[in-house]
Amino acid sequence: MRALRYTGILPSLLMLVVVIALNARLQPHFFGLPSLEDNIATLTPTILVCLAQAVIVLSGELDLSVGAGVSLINCLLATVPISAVGGPWGLMGLALLLALALGAINGVIVTIFGLPSLIATFATAAVWFGLALALMPQPGGELDQSVGDLYSGTVSGVPVPLFIVAGALLIWTLLGRHRLGRRIVAVGSNPAAAFQAGISVLRVKLAAYLVGWLLVGLAAIAISAQTLSGDARVGDTYTLTSVAAVVIGGISLAGGRGTPWGALVGAIVLGIVSNVIYFAGIPSIWQEFFKGIVIMSALGFMVLEQKRAAVA
Amino acid sequence: MLSSPEGLPAAPPTDGEIAPPLLIARGITKHFGGVVALAGVDLTLRQGRVLGLLGANGSGKSTLSRIIAGELSSGGGEMHLAGAPLRHASPQDAARLGIVIAHQHPSLAPDMPVWENVFLGAELSYAGGFIDRAKARRRTTDVLSELGSRLDIAAPAGTLTAAGQQLVEIARALARKPRVLILDEPTAALAAAEVGHLFAAIRRLTEEGVSVIFISHRLAEIDTICDDILVMRNGRTAGAWTTSGRLDEGRILSLMTGDPDAVLREMGERRIGEPVLRLEGLRAGPAVRGVDLELRRSEIVGLAGLQGQGQVELLEAIAGDRRIDGGTLWHKDRAVSPRRPRDMINRGICLVPDDRRRQGLFSGETVGENIGYVLLALAPRPWRLPAEKLVALATRAIRRLLIKTDGPDQTVSALSGGNQQKVVIGKWLATDVEVMLLSDPTKGVDVHARSEIYAIIGELAQAGTAALVFASDVQELLLHCDRILVMYEGRIVEELSGDAMTEPRVMTAAFGKAAA
């Protein structure tokens, strides 16, 4: 219980219960297997990108280029012929390599060149988007069906997307017990203290970017497997969704405070909000409007809760 | 080159033998911008001995110890550890060589639990880097109990008291099994019993051959624990010797100040006038818990106490920079409830804030702009303010406060700390200051600038301004104030004036103990 209080995840859990209850009321057979599987497949990329953002935010930085990164990887996957890389696994390996490269670029700009991550990643986001457009001026292309089959299949009865999310969370949990993970939190919590404790702040932040972008790569694979086509704008909404999810999950934007579980909860809350609005029968023109209002309320609630907790 | 001593002896030396030097530093220099912090210090630390490092605030003790600990690079000079040249570039390098420091101001990761802070950067891990939590928790409990502490090792470090954080900082250093242990004012926030445990731990370490550099302002502590003494003044070694029997306090004080008379009180002729500011049970947040005080015209009142007892918050509350939750603030015979700094500035009550770079200055702007913006902010029609008037104001302030600068057009961040602080004070010269609130105005300021800043405060007081000064250094309050109020846990627990103003009495009250 005390651990829960220290992490500040309680208010977001409360929010999660509310949105799930709403969704269950509005969506027929919400708890039925087909709609659960469907929902999980849709939520997986969001969860992965939010976890990615969480690592980077915990280290005290921010990444506004994750969405554009997803788009760029997606466009690459849609243009590279699958025979050239030796099947679906080769394609996924390529995606992860590109993701690591993008993360390394962001990390180096932020750490070694010392640019503020807010501005630096805003700029690289434009670069990634530009490259994605160059690869694929119009949405289209076609991914091999084998990639989609992998994603929508099951491993001994467990749907693959659930497997991916579980894997990402496992990595996260291990990271939390690993030297590197704790150093990421330390660097975000107080970089001066980390430095004086003999930790290389630069290296740790760079590592945070690399770990984060590995997850971004996984998200891009998941999205590509679902759509089976390329679109230079497919990742657009993920950037700010991930930042909002991190805040809703009780992770401090100043770094150092929060848990991956918070990011998970935040991601699910935001994902389900879209669901709720869809099933509430709101005219499609107004859906974005209501989504914005709900996110704003959620953020407001979190900020008030954190203020209250800080005073107590 | 220094002659190289033979390797480390297997056993610590016994009495009578001269312990061989373990760490030697020669001619260490360091500049911060225009300020000379170290002007060539020599230090010799012997194996298994405790070296007491003394000096006034700003004499360079902390800078020297941070250089030895690899946190700062030295500007010149050379260091040898056990005969081998010491060229470490980071705290990590230093720790690998067994040099570890516990800072005066603990630098902890506030969101992480105590046990993780203790092993931060030196995690106890299994193969593959996974942290052995059980072992780290156990070892943390052990080290803390060696220090006589029973802190909750799962609590985030940020939730601890100042004493608790200090103990964690010390525990972290001990946990690294150092060869050279630097303790920078480790006892400043500790209670007497905790100091006793710390000293016992230091003795155990020295018996194992560990060498300790011990920095403290408390001569009694130096007397108890140190084998050798090094006194620093203005970034230089003023004297170094081995203690034998009682400590010669007079010698230390005169070496520290460079002038025995400087210890005498410096108070000009001032006629203390009628009350201008009175607080009754003032409360502000958790830090200020009911403060009564009275401040008179031309009076300089010191606010003392350990760090973090609400002094900074009290000054901010009076200045309208912090919400007042209860009690009354009287300005002359009117009760006022400030809602923003401007309310108080209009009454001539001005704050020289705690963190001059963040709260006191626009670092990228010029000296003239920094001095002038109060005038701009207060003028009813600032756009009609002639530029010459601002230049004249700045020039006057520069001359009156002896600010060392190329002129009003120099960027303020290029100035030394002391001169930056004078600019912070100088900006208030545009108004009639009735009450000047100063929060640690000489923090990070060299000795010379420090006395100039107090000279300015004295001058203002002579002209009728009342000053309320918080300083972390008791000596400087004893030197310059008419009265001293000691704060403890958000309240004023002692008021001292005249002959009662002595360091022991201030320190006793600072620990929340009733006067003997």
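The points below describe an interface and a sheet in a predicted model.

1. Residues are numbered from 1 along each chain as its sequence is written, while chains are lettered from A and ligands numbered from 1 in the order in which they are written. In this predicted model, local features need pLDDT of at least 70 and side-chain atom pairs count only at pLDDT 80 or more, whereas totals for chains, interfaces and linings use all residues.

2. Chain B places 20 residues in contact with 20 residues of chain A (contact: C-beta atoms, placed from the backbone, within 7 Å). Helix 2 (residues 91-96) of chain B contributes the most to this side of chain B, with three residues (helices are DSSP runs of H or I with at least four residues, strands runs of E with at least two, numbered from the N terminus).

3. Chain B also holds an open sheet of six strands, with the order 6-7-8-3-9-10 and mixed pairing (strands pair if DSSP finds at least two bridges between them). Strand 6 (99-102) and strand 10 (236-242) of chain B are the edge strands, each pairing on one side only.

4. Strand 9 (residues 228-233) of chain B runs antiparallel to strand 10 of chain B and is joined to it by six bridges; in this part of the sheet, Leu230(B) stands opposite Ala240(B) in strand 10 of chain B.

5. Helix 5 (residues 162-175) of chain B lies across strand 6 and strand 7 (180-184) of chain B, at about 170° to strand 6 of chain B (axes are lines fitted to C-alpha atoms, for helices over the stretch in contact, with angles from 0 to 180 degrees between N-to-C directions). Helix 6 (residues 192-207) of chain B lies across strand 3 (50-55), strand 7 and strand 8 (211-215) of chain B, running at about 150° to strand 8 of chain B.

Notes: Two residues are in contact if their C-beta atoms, placed from the backbone, lie within 7 Å.
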